[in-house]
Structure formats: structure tokens, C-alpha cells
Amino acid sequence: MRSSMLMAAGTMVSRATGLIRTVLQAGALGTGLLATTYNQANVVPASLYFLLIGGALNSVLVPQLVRARLEQADGGRAFEQRLVTLTMSVLGVGTLLAVWAAPQIISLYQSDSPANHEAFQLTVVFARFLLPQIFFYGLFSILGQVLNARNKFGAMMWTPVLNNSVLIAMFGVYLGMMTVRDTVQDITQTQVTLLGAGTTLALAMQALALIPFARAAGFRFRPRFDWRGTGMGKSVSAARWTLLFVFTNLVAGTVVTRYASAADTALPSGGVGFSAYTYAQTIWSLPQSVITVSLVTALLPRMSRAVAEHRLDDMRADLSQALRISGVVIVPAAFFFVALGPQLAQVVFAHGAADQDSIVPLGQMLQAFGLGLIPFSAQYMLLRGFYAFEDTRTPFWMAVWISTANIALAAVCHLLMPPRWAVTGLAGAYAASYAIGLLITALLLRRRLEGRLDGKRLCRTYGKLTASALTAGTLGWLVARTCATTVTSTTWAPVLGLAAGGVTMLLLFVLLARLLRISELRSLPGLG
């Protein structure tokens, strides 16, 4: 819990500064086609990084680093050296190839049609600036995993604040340069260079900032290319399934991005496409990022040790506790987005180049994502149970089920719904696909844990949380609606509605949770 609280604090500060960055970004670029050229190019480096090696680093290598530190005579130091060398080698080559192939990569996400040619070319220019991030994503992740294996969790959660600080300054400068609302046709080369170079510099600083912490933890890097006959084959074999897992998710993400970009092309200034979807998903995933990811990062080494020592009861207890504690935040947050998503979007994003009318679709996307936060968070947690067993094959097949459902539902939305509503449908499709994935994942993990997943206790807790959040959310929505009808100012109505509805929902949820004796509520600061 101490490790989780330290990471949660770092993640909260990181997400808070990230939210400020996102607000400034929306104010500078809006939510239309111009914003999509930058956002789309900025998504590509992370996607390629995870495809090349990132998925393996985050899910496979922590258990193997823990095992190497327990079993090898040198405490796993040689394994670490080889692993870091392999990671940097793969990503160095991959980065160079990606920069060279930027036009071909971008063509996967949007079409180079006559109507979209200028946007396509601008996206390629942004991509050439941003693709070097692939290498720095890798440097940050491998150093972070080395620290995690030593039970040093704080630095990896706090250094993104530096990244966000640089980006906040960059978008502030951009806003200072902006005299009118920019479009794809009139953005200047100076502005493009500022956005592209500044974004990559910010991530580089985040990665390099981990080096002193790694040295303080006792890590010393010496390149080692003697990979043969040293156990690295097990890592490569385990990573094979993880990379297939990442590839499957990447295929689904590419399809969704292409469909969302088509809506941007149809309505360039409507705020109905990829950028609005991205901003809504960023806000929606904040609770999961703060709570679930922090708990998982702290518990995965512990669960891996329990599995290695054949203590399945301890592993099961850790997983159940993490699910129940995270649910205290995740469940009410999901209902909050459904009840007050439009007001939240207006308050956060309706500034600068993004006006109130263009933000309306974003708020509706936030509502469509809404309840999907519960299965999304729980499925993420349960997958780590398989990774503790060093089983990467089952998560791959889970990704296939989820991605297939997501693509099928997204295709229906794209083909049958008008551009104004198609991407809102994509958000709902994403949420529904994870509900399907959670059911399948829970059944398979239950079988792996000898037929027991603490299911009765989990269902009882989540049932109480859902009843409390549904009641609180309904009253919060009614309060916000009342504010909207009684306050004439279009500026203050969403602010007052969000504040009054949010406070009402929070107080009623806490009261009902106490009445229903949800013991996990005591795990939250100030509510014990």
C-alpha cells in the first residue's frame, strides 16, 4: 500500500499536469482536422514502440527480472545488462526505419485523397519530428522496469511531470504566437517545428531523468551482446505472444483511427473525429491510470514472487484486494462520466480554438465511454494475473476477442451512422468490447487459479458499489440539469452544473457506501 500510495501521488501530479497540457493543446489546436494531424502523428511513436518491444517490457520482463534477481548468483545483473542492450538495439534500428517510412506509416491511418492531401502531408511532417520518440519511450520503460524490479517505484511515476511541464510551456508559446484560429492550410513552418521538436524534446527529458535514479539504485550499464546461451531465449519466446497481443490491439486501434479520421475529413471543424475521441478517452482513462495502474505496478512483482513460490492463495488474495480497492474509485467515476460528461467537457475544453459548439460531441463521446471504465480497469487487472504466471499466450487470445468485437462494432458505426455521430458510436463500441473481454478473461483466470477467483466477494462488493454510484449519479444528473435550466449564462451553466452535480454525487455515494458497509472505502485517504 505504501508503494501504491507513492505511485498514486506521482501519477496524480503527472495526470494533473497532463490534463493542463491537454487543455492548452485543445485551446491551441482545437478539436478538428488540424488537431488530428498532430494527435495522429503523436500516437504513431507509442504504437510502434509497443509493437517493437514495449509490450514485452511492461508485461513479461518484470516477472523475469524478479526471477533472475532471486535465482541467479549475480542477482540478475548480467541479465539486466543484456536486456537493456537488446532493447536499445532493437529500438535504435526501429526508430531509423520508422522515420524513413513515415509516409507509408501515416497512410495506414488516413487516406491521401485529393480532399485530404494537405492534411496528409502535414501529418507526415509532424511524424518525422515525432517518430524519434520511439527510442526515448524504450529508454524510459527499460530503466523504469529495472527500478521496479528493485522495488523502486516512485521515479517512474514522477518523471512524466517534467515531460508535461515542457509541453505546457510549448503550447503556451504556441498560443502566444497564434493570432487567429489556425487551420491545416495556414499553420506556419515555425509553428510546426515548435510542436514537433518540442514534443520530442519533452519525452527525451523524461527518459533521461531516470538515469540518476537507476544509478542510485545500483544499476550500471555495460553493453553486452552475448545473448546466446544466456537465457534470453526464454524472454524472446515469452515476448512473442506479447508482441502478437500488442499487434492485435494496434490493428484495432488503426481501424478506429481511420474511421475517426474519416469523420474529421467530412466535418473538418465539427470536432466529431479523432481528436475529440482522443481527448475524451484521455479524460475517461484518468481514474484507471491513477488507481489501477499504480496498484498493478506495485503488486505485479509481489504476485510474481507468490506464483514462483507456489503460494496461489496469496496471489489470489492480492488480486482480489486490488480489484476491490480500485473499484471504490473506478465504479463511481464511470457513472460520473455518464451523468456529467457534457458539463465536464465544456468546462475543461471549451477555450481558445475550441468553442462550446465544437465541444458538444466530445462530451457525448465521454458519456459513451462512461460505464466501459469498469470492465476496462478490471480486465487490465486480471490480465496481470496471467503475466504473474509468465503466461503471455492467453492475454493474446483475449486481445483477439476484444479487438474483433471492437472492429466489428466500429465498422457498424462507421457504415450506418452519419459522421456527426459515428465516432460517438466508436466510443460505445470500445466500451462494449471490454465488457465482452472481461467476462472471458475472468473465466479463464478462474480456471488457472484452481477454480477460485474470490468471485462471490468481488460480485458482492461491485454490486454494492454499482447501486451506490447509480443512485448518486442519477441525483447528480438531476442537479446538473436543474442548473442548466435555471442559469442563463452559457459560460457559467456548465461550471455550476458540474460543481453542484459532482459534489452531490460524491457526498451521496460516500453516504450510501457507508450504509452498505463497503469496507474497501476505508482504504481511501480521509474516508477511513
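Biologist: What share of the residues in the protein chain is buried?
Modeller: Buried residues are 56% of the 528 in the protein chain. Buried means under 20% relative accessible area, exposed means over 50%, and partly exposed is in between, with a 1.4 Å probe and protein chains only. Keep in mind that this is a predicted model: local features need pLDDT of at least 70, side-chain atom pairs count only at pLDDT 80 or more, and totals for chains, interfaces and linings use all residues. Residues are numbered from 1 along each chain as its sequence is written, and side-chain values use heavy atoms, with hydrogens and water left out.

Biologist: How many helices and strands does the protein chain have?
Modeller: There are 21 helices and 0 strands. Those are DSSP runs numbered from the N terminus: helices are H or I with at least four residues, strands are E with at least two.

Biologist: Switching topic: how many aromatic pairs turn up in the whole structure?
Modeller: The search finds 16. Rings of Phe, Tyr and Trp (its six-membered ring) pair if their centres lie within 6.5 Å; planes under 30 degrees apart are stacked, over 60 edge-to-face, and the rest tilted.

Biologist: Why do Tyr49 and Tyr137 count as stacked?
Modeller: Their ring centres are 5.7 Å apart and their planes are at 20 degrees, so the pair is stacked. Tyr49 sits in helix H2 (residues 33-59) and Tyr137 in helix H7 (residues 133-149), so the pair ties together parts 88 residues apart in sequence.

Biologist: Is Tyr49 buried or exposed?
Modeller: Tyr49 is buried, at 1% relative accessible area, while Tyr137 is partly exposed at 22%.

Biologist: How are the rings of Phe376 and Tyr430 arranged?
Modeller: That pair is tilted, with 6.1 Å centre to centre and 45 degrees between the planes. Phe376 is in helix H17 (residues 373-388) and Tyr430 in helix H19 (residues 419-448), 54 residues apart. Phe376 is buried at 13% relative accessibility, and Tyr430 is buried with 13% as well.

Biologist: Which cluster are they part of?
Modeller: Ring pairs link Phe376 and Tyr430 with Tyr277, Trp284, Phe369 and Tyr434.
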